[in-house]
Structures are given as structure tokens and as C-alpha cells.
Amino acid sequence: MRGNVIIVGLGLIGGSLGICLKKAHPEAKIVGIDTNPEHIQLAKVLGIIDESANDLTESASDADLIILSTPVQQTEKLLRLLTGLPLKENVIITDTGSTKEKIMILAEQLNINSFVGGHPMAGSHKSGVAAAKDILFENAFYLLTPGGNKEKAEILKDWLIGTKAQFVETTPSEHDKMTGIISHFPHLIASSLVREAEKFQGELPLLSRLAAGGFRDITRIASSSPEMWRDITLHNDRNLIDLLEGWKLEMEHLIDLLRKQNEEEVFEFFQSAKQFRDELPVRTRGAIPAFHDLYVDVPDYPGVISEVTGYLAEDRISITNIRILETREDIYGVLVISFQTEEDRERAQTCLQSHTDYDLFIP
Ligand SMILES: NC(=O)c1ccc[n+]([C@@H]2O[C@H](COP(=O)([O-])OP(=O)(O)OC[C@H]3O[C@@H](n4cnc5c(N)ncnc54)[C@H](O)[C@@H]3O)[C@@H](O)[C@H]2O)c1
Ligand SMILES: O=C(O)C(=O)C[C@]1(C(=O)O)C=C[C@@H](O)C=C1
């Protein structure tokens with residue numbers, strides 16, 4: 001497609017969308033806007049934007065597509081700014097915000113008829129354009145709240161074809177309820193787990209060194225941008241308060257079970273959680289983003305990592321990360337190798353099966 005695209009907010013999401021747009025529509029001109037000049041500079045160096053503009057006031061009138069990819073409270077300010085500006089008749093305005101109800105209500109109040117709410121359900125705890133990548137949204141759900149703008153939503157999907165995401169339409173209230181449960185609430189819990197652990201750091205100095213494995217896995221998302229999460233939780237306050245109230249009851253129930261040493265129900269607590277968790281789709285992106293990790297159970301001898309990576313290099317399979325799972329010293333180590341795509345992980349599995357007899361497993 002041809003035309004002028006403006007991306008406001010050149011961070012992880014705005015930057016990644018810019019890369020996808022450029023790949024799929026090389027003829028389109030991408031103009032970037034960001035309050036942080038360093039982000040603009042980096043987006044230019046990385047070839048994500050063709051030009052920059054100071055703000056929407058000086059650039060919006062030429063745009064065919066405007067993507068607002070800032071923290072959600074900033075997005076509200078930008079929507080207010082847009083109402084006063086001359087725009088093309090067929091312009092499409094969309095956002096990437098993690099909440100939809102307040103944004104859609106505001107767009108309606110402001111009579112912004114060209115607005116199609118959007119939310120790519122993929123991301124990371126990393127922020128900023130330096131972390132942007134074209135494959136971020138591959139296979140992920142991309143939620144749209146088009147309201148009455150069905151036609152514009154179809155054109156938006158064409159613009160966003162390079163994301164290779166799976167578009168799903170929903171209502172703003174259903175959106176905020178679902179993302180409250182599977183994204184926003186877990187973020188609150190992850191951050192509160194870290195804050196809880198920090199309280200004990202003074203009396204137990206070894207604690208942070210022991211906080212490996214499960215603790216690191218469950219709290220990864222606590223490293224996300226505080227500004228972004230402040231805005232999300234304040235927007236989705238009602239759903240989150242309900243969820244936290246439910247959580248309080250669940251914790252009280254758990255305390256009660258432990259006080260009573262109720263073996264059967266404590267087992268059932270873990271059993272029912274395991275069953276639901278195990279049944280969630282993990283091979284595709286969605287409720288839980290897939291990381292394309294391959295676990296390799298390697299014997300503990302010097303050079304084993306270079307042996308494994310050597311086989312992968314011979315087959316020209318790129319890896320994005322490699323780490324040793326924190327295990328006790330007296331048992332075999334487990335190498336966790338991460339790949340950019342599912343295809344790379346499958347190729348790596350075949351490669352290592354042909355060269356080694358190490359046990360391989362996919363988490
Ligand atoms: N990070 C994720 O996992 C994720 C996933 C999906 C959706 N989202 C949503 O997408 C949006 C962007 O998130 P992100 O992860 O890219 O954040 P980010 O922090 O990486 O990037 C945000 C960018 O917006 C810029 N910015 C802030 N206020 C601005 C303003 N008023 N005008 C212009 N630029 C401004 C910042 O300087 C920054 O470069 C948020 O609404 C977030 O809720 C995030
Ligand atoms: O993987 C992560 O780090 C994320 O937090 C991504 C995640 C999520 O909760 O799934 C975070 C917020 C976005 O609105 C969408 C995706």
C-alpha cells in the first residue's frame with residue numbers, strides 16, 4: 001500500500017509496527033513522532049522511520065494512517081489533540097494501548113469517527129525502540145475494537161499484514177475484562193511478589209542469589225515499564241479491583257487450608273491449577289506468549305556449550321539466547337536455547353537429535 005503513516009511513540013510496539021509496515025509496504029512513507037529525541041534518532045538509524053515530525057499538529061493533515069503507540073494516558077491526550085486538527089477524509093486512526101474501554105469512550109465523545117481501537121497481544125518486559133523486532137507479533141492475537149468502523153478495520157488489517165498477527169475483533173468491555181485477567185492482574189501479582197521478597201532481603205542476604213528458577217520465571221514481567229503499567233492499571237481499575245478482591249478470598253482460603261493441614265484440598269489447589277495451565281495453548285502465541293525455547297539436557301563437561309552451538313551454527317540456525325538453568329551442582333545441567341521462530345526451534349531439535357543423544361524437551 002502507498003501513503004503516509006505516522007507513528008506516535010517509537011517504543012517497543014511502535015518501533016516493531018514500523019518495521020512490519022516498511023517490510024510489507026516499502027512504498028509507504030513512515031513519519032515518527034516521539035517526545036524523546038533519542039528514540040527518534042535511534043528509529044532513524046535503525047531504518048524504522050523515513051522522517052520525523054515534532055508533533056501531530058505539524059504532520060497529521062497529510063496522514064493516511066495514524067498509529068498512537070504511547071502509554072494509554074498519553075494516548076488520551078493525543079486523541080484530544082487530534083480533534084482540533086485538519087485530517088484527510090479517509091484517514092484511519094488506531095492505537096496499540098493495552099486497555100480499550102476508556103480510549104474507545106473518549107474517541108466516541110470526541111467524535112473521532114475514523115478510530116479503530118487496536119491492541120497487539122504480544123510484547124515483552126523490554127521497552128524502547130532498541131528492543132523492536134519484526135517478528136514480535138507473528139502468530140500473536142491482535143485485538144481490534146472497531147466499533148462501527150468495520151470497513152476501516154479491514155483497511156487497517158491490510159496495513160498491518162506484515163505483523164503476521166491473527167486479528168480478532170472484540171468489544172472494549174470484553175477486551176478489558178479478558179486482558180485484566182490474563183495480563184494486567186498477573187502483572188500486579190508479579191510486581192507484588194518481587195516487593196514481598198525485597199522486604200526480606202535485609203534479614204536474609206543470600207535471598208536474591210537464591211531467587212532463580214521459578215521466582216525469576218514468574219516475576220520476569222515485573223521488569224516492565226512502570227509508566228506503562230501505571231497507566232494500564234489506572235485505566236482498568238474496576239476489573240482489577242474485582243480480581244484483587246477475588247484473589248484476597250482465594251488467599252484467605254489457602255491460609256485456612258494450611259492452618260488445618262488439609263492435605264486433600266491443598267493437593268487439589270495445585271492439581272486444578274496444573275490442569276488448566278497444561279491445557280493452555282503454548283505452541284502458538286496467545287494467552288501465554290511462546291518463547292520458542294528448547295531444553296537440552298547436557299552432561300556437565302567443559303566445552304559442551306560450544307559443541308551444541310557449533311552443531312546449530314553448522315546448520316545456520318540462529319539462536320536469540322542461551323542460558324544454563326539454575327540447578328544443583330551435583331546434577332546434570334540443562335541448557336535453555338531460545339529461537340526467534342518455531343521453525344528454528346524445530347530445525348534445532350532435528351539437528352541436535354542427529355548429532356547427539358542428549359535428551360531434548362520443549363517446555
Ligand atoms: N510492551 C508491551 O508488551 C505491550 C504490548 C502490547 C501493547 N502495549 C501498549 O502499547 C503502547 C506502547 O507500549 P511500548 O511497550 O511500546 O512502550 P515503550 O515505553 O517502549 O514506548 C513508548 C514510547 O512513547 C513515547 N512517548 C510517550 N509519551 C509520548 C507522547 N505524548 N508523544 C509522543 N511520544 C510519546 C516514549 O518516549 C516511548 O518512546 C502502550 O499503550 C502499551 O500499553 C505494550
Ligand atoms: O510478555 C510480556 O512481557 C508481556 O507483558 C506482554 C503483554 C502480556 O501481558 O501478555 C503485556 C502487555 C500487553 O498489553 C500485551 C502483552
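**The nonpolar cores**

Which residues have the most contacts inside the largest nonpolar core? In this predicted model, they are V5, I6, I7, V8, I66, I67 and Y142, within a core of 53 residues. Such a core is a set of buried Ala, Val, Leu, Ile, Met, Phe, Trp, Tyr and Cys residues joined through C-beta atoms within 7 Å. A residue is buried if 20 or more other C-beta atoms lie within 10 Å of its own, exposed if 12 or fewer, and partly exposed in between, with C-beta atoms placed from the backbone. Helix α1 (residues 12-24) gives the most to this core, namely six residues. Apart from it lies another core, of 10 residues, including V296, V308, L312 and I337.

Contact is defined by C-beta atoms, placed from the backbone, that lie within 7 Å. Residues up to four places away in sequence not being counted, I7 touches G14, L17, G18, I30, G32, I49, I67 and S69.

**Helix α1**

Helices (H or I, at least four residues) and strands (E, at least two) are DSSP runs, numbered from the N terminus. Of the 13 residues of α1, 11 are buried, so the helix is largely enclosed by the rest of the structure. The buried set consists of L12, I13, G14, G15, S16, L17, G18, I19, C20, L21 and K22. Their cover includes the strands β1 (4-8), β2 (29-33), β4 (65-68) and β6, together with the helices α2 (37-45) and α6 (150-159).

The end C-alpha atoms of α1 are 19 Å apart, which agrees with the 18 Å that its 13 residues should span at 1.5 Å a residue. The expected span is 1.5 Å times one less than the number of residues.

**Helix α7**

Helix α7 (residues 172-199) has 28 residues and reaches 38 Å from its first C-alpha to its last, close to the expected 40 Å. A kink of about 55° is centred on G180, the bend at a residue being the angle between axes fitted to the seven residues ending there and the seven starting there.

G180 is itself buried, as are P172, H175, D176, T179, H184 and F185. The buried residues of α7 pack against α5 (101-109), β6 (115-120), β7 (141-145), α10 (226-235) and α11 (237-259).

**The loop at I221**

I221 is placed in the loop between α9 (213-219) and α10. It counts as partly exposed because it has 17 C-beta neighbours inside 10 Å. Residues up to four places away in sequence excluded, I221 touches H125, P186, H187 and A190.

**Conventions**

Residues are numbered from 1 along each chain as its sequence is written, while chains are lettered from A and ligands numbered from 1 in the order in which they are written. The model being predicted, local features need pLDDT of at least 70 and side-chain atom pairs count only at pLDDT 80 or more, whereas totals for chains, interfaces and linings use all residues.

Conventions. Two residues are in contact if their C-beta atoms, placed from the backbone, lie within 7 Å.
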